[in-house]
Amino acid sequence: MVKIAELTGHTSRVLYMAQSPDGCTVASATGDETLRFWNVFGTPELAKPAPKANPEPFAHFNRIR
């Protein structure tokens, strides 16, 4: 594990942290009743579909006679 960023801005201790489903934003909640959102990991890259490694044999035929 490597420290990526130091989040400063709360005046009380952090009680809870959660990461967004896309993995880019972190939310933190503290004892002073504040909620902050941190853009730590940047914007997500668009997922590219993986190329099909081995096409199925006879995939180009509609049916075999």
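Modeller: The chain has 0 helices and 3 strands, and from the N terminus its elements run β-β-β. This is a predicted model, where local features need pLDDT of at least 70, side-chain atom pairs count only at pLDDT 80 or more, and totals for chains, interfaces and linings use all residues. Residues are numbered from 1 along each chain as its sequence is written, and side-chain values use heavy atoms, leaving out hydrogens and water.

Biologist: What makes a stretch a strand, such as the one where Val14 is found?

Modeller: Strands are DSSP runs of E with at least two residues, helices are runs of H or I with at least four residues, and both are numbered from the N terminus. Val14 belongs to strand β1, residues 14-19.

Biologist: Why is Thr30 called buried?

Modeller: Buried means under 20% relative accessible area, exposed means over 50%, and partly exposed is in between, with a 1.4 Å probe and protein chains only. Thr30 is at 6% relative accessibility, so Thr30 counts as buried. Thr30 lies in strand β2. Over the chain of 65 residues, 11% count as buried.

Biologist: And why does His10 count as buried?

Modeller: His10 has a relative accessible area of 18%, which is under the 20% limit, so His10 is buried too. Its place is in the segment before β1.

Biologist: What makes the pairing of His10 and Ser28 a polar contact?

Modeller: A polar contact is a pair of N or O atoms within 3.5 Å; within protein, one must be able to donate a hydrogen and the other to accept it, and residues adjacent in sequence count only if both atoms are side-chain atoms. The side chains of His10 and Ser28 make such a contact at 2.7 Å, which is within 3.5 Å. The side chain of Thr34 takes part in two further cases: with His10 at 3.2 Å, and with Thr30 at 2.9 Å.

Biologist: Which residues is Thr30 in contact with, leaving aside its neighbours within four places in sequence?

Modeller: Contact means heavy atoms within 4.5 Å. By that rule Thr30 is in contact with His10, Ser12, Arg13, Val14 and Leu15, its neighbours within four places in sequence being left aside.

Biologist: Why is Phe37 called exposed?

Modeller: Phe37 is at 59% relative accessibility, and exposed means over 50%, so Phe37 counts as exposed. Phe37 lies in strand β3 and touches Thr25, Val26 and Ala27, not counting residues up to four places away in sequence. Phe37 and Val26 are 11 residues apart in sequence and 5.7 Å apart in space, C-alpha to C-alpha.

Biologist: Is Glu33 buried or exposed?

Modeller: Glu33 is at 78% relative accessibility, so Glu33 counts as exposed. Glu33 lies in the loop between β2 (25-30) and β3 (35-39). Glu33 has a positive phi of about 65 degrees although it is not a glycine.

Biologist: How do you know that Glu6 forms a salt bridge with Lys3?

Modeller: A salt bridge is a side-chain nitrogen of Lys or Arg within 4 Å of a carboxyl oxygen of Asp or Glu. The closest N and O atoms of Glu6 and Lys3 are 3.0 Å apart, and that is within 4 Å. Side chains of opposite charge can pair when their charged atoms come close. By this rule the count is 1 salt bridge. Glu6, at 57% relative accessibility, counts as exposed, and so does Lys3, at 62%.

Biologist: What makes Leu7, Val14 and Met17 a nonpolar surface patch?

Modeller: Patches are made of residues with over 30% relative accessible area and no salt bridge; like charges are joined within 9 Å, and nonpolar side chains (Val, Leu, Ile, Met, Phe, Trp, Tyr) within 5 Å. Leu7, Val14 and Met17 make a patch of about 240 Å². Accessible areas come from the Shrake-Rupley method with a 1.4 Å probe, and for residues only the protein chains shown count as cover.
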